[in-house]
Amino acid sequence: MRAVLLTLAALAALGLTGAVAVVWFGLYNVSAVTGHLPGVSWVLHTTFRNSVWLRAPSEETVPELDDKDLIALGAGHYATACVPCHGTPGAPASATMQAMVPVPPHIDEAVAHWEPNELFWIVENGVKMTGMPAWPVGGRDDEIWAVVAYLVSVQEEAAPELAGEDEPEEYCASCHGAVGGQVPRLDILDAEYLEEQLQAYLSGKRPSGIMAQAVTSVPEERLAELARHFAETADEAGDEDVADAELASKGEALAREGTRDVPTCLACHGEREDGERKGPVLDGQRRGFMEVQLTLWRDGVLEHDPLMRAATRDLSDAEIAALAAYFADR
């Protein structure tokens with residue numbers, strides 16, 4: 001028995017020595033030209049598929065993904081963040097894509113055999129040893145589902161045409177002014193506030209995977225100019241259907257409530273006698289955007305303003321919907 005143990009220990013030592021030698025002396029060829037050894041690609045891909053299947057969220061968590069605004073938002077992000085590796089629907093893969101190891105699947109192939117909940121997990125977590133990154137920030141399921149909505153539209157051969165990005169104004173306008181839903185109206189906000197938010201996205205102070213990608217795709221010195229442009233440009237995405245009066249009335253009651261420690265919503269977001277406001281304008285803002293933002297504040301994803309965090313901490317989903325309905329209809 002002792003001889004067996006000594007033999008196993010010796011083999012383990014030899015194996016460890018060999019592994020160290022491979023790493024230390026660079027004996028393993030990492031060239032992408034040589035590719036993987038036979039069988040390695042199959043092992044990695046099989047492990048990948050089974051890992052996603054095991055860890056993907058329940059299918060019950062999948063929201064409605066056929067909303068055109070949600071799909072358009074996901075398409076706008078895909079156009080800059082994903083196209084370089086996965087290409088565009090119906091177009092051939094670039095030579096650079098085909099030279100990568102492993103080769104990133106073309107979008108038509110990438111979405112072909114996955115369920116929405118599995119696509120969500122892949123976009124959220126990324127994939128080791130493939131170059132597929134995780135979502136840049138945590139807690140933004142709303143943004144990830146937008147990308148998944150676009151990927152599902154590709155599956156169903158109903159994907160919208162991807163917008164170009166020749167100029168910063170055109171790139172930003174592919175969402176702002178063209179897409180409703182959870183994309184905010186900018187024309188009701190002043191340029192100073194918009195520039196402040198762009199800088200917050202750039203620094204990571206305000207977490208958003210979509211806006212982080214967008215704001216790093218334009219020169220920083222153009223941010224003030226972009227803020228002025230969108231503050232002065234009418235939003236053409238169209239108006240939403242106004243929520244029922246009863247819901248808006250409940251939202252008004254909530255907006256006028258306050259405590260000794262937390263002032264009313266209107267104290268900051270309502271117009272004062274001098275015409276000024278402490279917080280950004282919410283009157284006429286989109287319900288979808290406000291519902292998402294209030295939820296992010298309540299859940300602690302957004303926390304850069306302690307007063308907003310305190311004001312939203314105890315809100316229920318129903319109260320958030322009511323507040324969004326009220327301000328959207330003001």
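Student: Where is the place of Asp66?

Tutor: Asp66 sits in the loop that runs between helix 2 (40–55) and helix 3 (68–81). Please keep in mind that this is a predicted model.

Student: Is Asp66 buried or exposed?

Tutor: Asp66 has a relative accessible area of 62%, and it counts as exposed because that value is over 50%.

Student: Which residues form a negative surface patch?

Tutor: Glu64, Asp66, Asp67 and Glu156 form it together.

Student: Let me step back to the whole chain. How many helices and strands does the chain have?

Tutor: There are 17 helices and 0 strands. The C-alpha atoms fill a box of roughly 90 × 50 × 40 Å along the principal axes.

Student: What percentage of the chain do buried residues make up?

Tutor: Of the 330 residues in the chain, 38% are buried.

Student: On to the inside, then. How many residues has the largest nonpolar core?

Tutor: The largest nonpolar core contains 33 residues. Leu65, Val148, Tyr150 and Leu151 are those with the most contacts inside this core.

Student: You mentioned helix 7. Where does Ile122 lie, and is it buried or exposed?

Tutor: Ile122 lies in helix 7. Its relative accessible area is 10%, so Ile122 is buried, the cut-off for buried being under 20%.

Student: What separates the C-alpha atoms of Ile122 and Trp135?

Tutor: Those C-alpha atoms are 9.1 Å apart, while the two residues are 13 residues apart along the chain.

Student: New topic: salt bridges. What does the count come to?

Tutor: The count comes to 12 salt bridges. One of them joins the side chains of Glu143 and Arg140, at 3.6 Å from N to O.

Student: Are Glu143 and Arg140 buried or exposed?

Tutor: Both Glu143 and Arg140 are buried. They also belong to a network of salt bridges that links Arg140, Asp142 and Glu143.

Student: What about Glu246, which residue does its side chain meet in a salt bridge?

Tutor: The side chain of Glu246 meets that of Lys250, with an N to O distance of 3.9 Å. Both residues lie in helix 13 (residues 245–255), where they are 4 residues apart, about one turn of the helix.

Student: How do Glu246 and Lys250 count in terms of accessibility, and why?

Tutor: Glu246 counts as exposed because its relative accessibility is 56%. Lys250, at 49%, counts as partly exposed.

Student: Last topic, the nonpolar surface. Which residues make a nonpolar surface patch of about 1,200 Å²?

Tutor: The patch is made by Leu16, Val20, Val22, Val23, Trp24, Phe25, Leu27, Tyr28, Val30 and Leu37.

Student: Where is Val23 found, and is it buried or exposed?

Tutor: Val23 is found in helix 1 (residues 2–24). Val23 has a relative accessible area of 67%, and is therefore exposed.

Key:
Residues numbered from 1 in each chain as written. Predicted model: local features only at pLDDT ≥ 70, side-chain atom pairs only at ≥ 80, totals over all residues. Heavy atoms only, no water. Patch = residues over 30% accessible without salt bridge, like charges linked within 9 Å, V, L, I, M, F, W, Y side chains within 5 Å. Areas by Shrake-Rupley, 256 points an atom, 1.4 Å probe, with all protein chains shown as cover. Salt bridge = Lys/Arg side-chain N within 4 Å of Asp/Glu carboxyl O. Lys, Arg positive; Asp, Glu negative; His and termini not counted. Charge placed at Lys NZ, Arg CZ, Asp CG, Glu CD. Helix = DSSP H or I, 4+ residues; strand = E, 2+ residues; numbered from the N terminus. Buried < 20%, exposed > 50% of the residue type's maximum accessible area, 1.4 Å probe, protein only. Core = buried A, V, L, I, M, F, W, Y, C linked by side-chain atoms within 4.5 Å.
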